[in-house]
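Student: I have a new model open and would like to go through it with you. Can we start with the overall fold and then work down to the side chains?
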Amino acid sequence: MVIATFAGGMGMALVHTVARKMGAQEYSTFVSLLRMMIILGVPAAALQTIFAKQAAAVTNDHQEEQLRATTRAILGWTFLVWLVVGGAVLAATRPLSHLLTISNPAALYFTVVLVLTGLWVPIGKGLLQGKHEFGGLGWLQISDGVGRFAVMLLMIIVLGGKAASGMFAAVIGQIITLAIGAWLTRALWQKRATVAFRWKSWFGTALPLTLGLGTVLVMSSIDMLFVQGLFSDTGQTALYGGAMLTGFAIIQFIAPVALVMFARVAQNVARAERSDSLGMTLAATILFGCVAAVGCTLLPRLPLRLMYFSNREMWDAAPLVPWFAWALLPLTVANVLVQNILARGRFEAVPWLILVPAIYAAGLCFQAPGLLALKPFNAFIRVIQTLGCASLLLCTIAAWFSRSAPAATASGQDSEAARATSDKASSPAA
């Protein structure tokens, strides 16, 4: 999974290398649209985890049919939800275009399409993750980055496209990934299920999973939208976006370890088995994260040269790279801990987790007048420091609930095998 994510991530990185040729203002708009898409796609990211948890807990034919019923129902209802959200975004095209400095409304239209593919692709990924079919999941990781880069190369270099062309390339990459995911999971959505979809049970698990995972996604996206909206110099905000992407790459390359851990922990909980997956995942995450952060501190220009080798002006973002690397390290660790908490069904942690992005956003807004009085790079460092403090707070809360979590619990979509043994294993010791 790390190798597959690295290959897909290289494609994503090369996308930004090519995208820089569209100009500073258009590139800044392109990056902001991608961050907005991540925030709009918070429910989508949770869908992968929801389906992974249910798929990992399947231990008999009845649960397999229940998974098929859930897959078909959610595919249909997410399409209806997308129609409503997409209509609202299109209705607000003018104010959103002004806020994000979008010159061509087509860029916003492609973003809306990207939200739909972003809702369906995670379903396929979650099914593969839960079934421990990491080979297929790895190909989905690769196809999105490679497909997006290939189309971006055509649109920008050959046709001279702008931000709208960049979003179109993202749509094509997602469509390719969606097609592969649909083929690999066709057995779970082609045939009509013989059981009814249990809405109440599903939403009882889906809501806390969505809110819990949304904390990490929102935390990694607020700063770029805040900077884009506060500062008018697109050249400076582009430098911030470039440095942000190098730091964000650390999360992207290490995150697959947490994906494997989540599937294994969820399966162990469903079968009432013990596991040391959390300890191994934390060790690998902290080790890789610290090595990456030290490397970014000693050689801050290196990741920028790799991503923007033909755009020397982006190398000027080097002073921000170490700050991002260390600020995002606790967020990377928090992602592992949050996934462990949710895989074990410790949903009482969710209200505490969702407070952190709200505190983070409020802190940025409170500092806004003072940030405008500073030099751009000093202001950017202050924003990154705020991100680091908020990430550390999120990591602390997640660590507390991970520390107090029992070895195994049965709830929500857990297997009947776990329920059958719950009387004998009702205590943490058992």
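Tutor: This is a predicted model, and its secondary structure comes to 18 helices and zero strands.

Student: How much of the protein counts as buried?

Tutor: Of the 430 residues, 55% count as buried, while the protein exposes about 18000 Å², of which carbon and sulfur atoms supply 69%. As for contacts with a separation of 6 or more, 83% of them are between residues 24 or more positions apart.

Student: Which residues form the nonpolar patch on the surface?

Tutor: The patch is formed by W77, F79, L80, L83, W199 and F203, which together have about 580 Å² of accessible area. The elements that give two or more residues to it are α4 (61-91) and α9 (199-219), and the largest share, four residues, comes from α4.

Student: And L80, where is that found?

Tutor: L80 is found in helix α4, and it counts as partly exposed because its relative accessibility is 41%.

Student: Switching to aromatics, how many pairs are there?

Tutor: A search of the whole structure finds eleven aromatic pairs. One of them joins W202 and F203, whose ring centres are 5.1 Å apart with the planes at 85 degrees, so the pair is edge-to-face. W202 counts as buried at 5% relative accessibility, whereas F203 counts as partly exposed at 45%.

Student: What about F377 and F380, how are those rings arranged?

Tutor: Their centres are 6.1 Å apart and the planes are at 45 degrees, so that pair is tilted. Both residues lie in helix α17 (residues 376-403), three residues apart, which is about one turn of the helix, and F380 counts as buried at 0% relative accessibility.

Student: Which residues do ring pairs link into a cluster?

Tutor: Ring pairs link W77, F197, W199, W202 and F203 into a cluster, and of these W77, W199 and F203 also belong to the nonpolar patch on the surface.

Student: OK, and which ring does the charged end of R186 sit over?

Tutor: The charged end of R186 sits over the ring of W183, at 3.7 Å from the centre of that ring.

Student: Now salt bridges, how many?

Tutor: The count comes to three salt bridges. In one of them K131 is paired with E64, the closest N and O atoms being 2.8 Å apart, and this pair links distant parts of the chain, since K131 is in the loop between α6 (106-130) and α7 (134-158) while E64 is in helix α4, 67 residues apart. K131 counts as partly exposed at 28% relative accessibility, and E64 also counts as partly exposed, at 22%.

Student: Which residue does R68 meet in a salt bridge?

Tutor: R68 meets E65, with 2.4 Å from N to O; being three residues apart in helix α4, R68 and E65 are separated by about one helical turn. R68 counts as buried at 9% relative accessibility, and E65 is buried as well, with a relative accessible area of 15%.

Student: Last one, what does N335 touch?

Tutor: Not counting residues up to four places away in sequence, N335 touches V216, A255 and A258. The place of N335 is in helix α14 (residues 321-343), and N335 counts as buried at 10% relative accessibility.

Methods:
Residues numbered from 1 in each chain as written. Predicted model: local features only at pLDDT ≥ 70, side-chain atom pairs only at ≥ 80, totals over all residues. Heavy atoms only, no water. Patch = residues over 30% accessible without salt bridge, like charges linked within 9 Å, V, L, I, M, F, W, Y side chains within 5 Å. Areas by Shrake-Rupley, 256 points an atom, 1.4 Å probe, with all protein chains shown as cover. Salt bridge = Lys/Arg side-chain N within 4 Å of Asp/Glu carboxyl O. Buried < 20%, exposed > 50% of the residue type's maximum accessible area, 1.4 Å probe, protein only. Phe/Tyr/Trp six-rings, centres within 6.5 Å; stacked < 30°, edge-to-face > 60°. Lys NZ or Arg CZ within 6 Å of the ring centre and 35° of its normal. Contact = heavy atoms within 4.5 Å.
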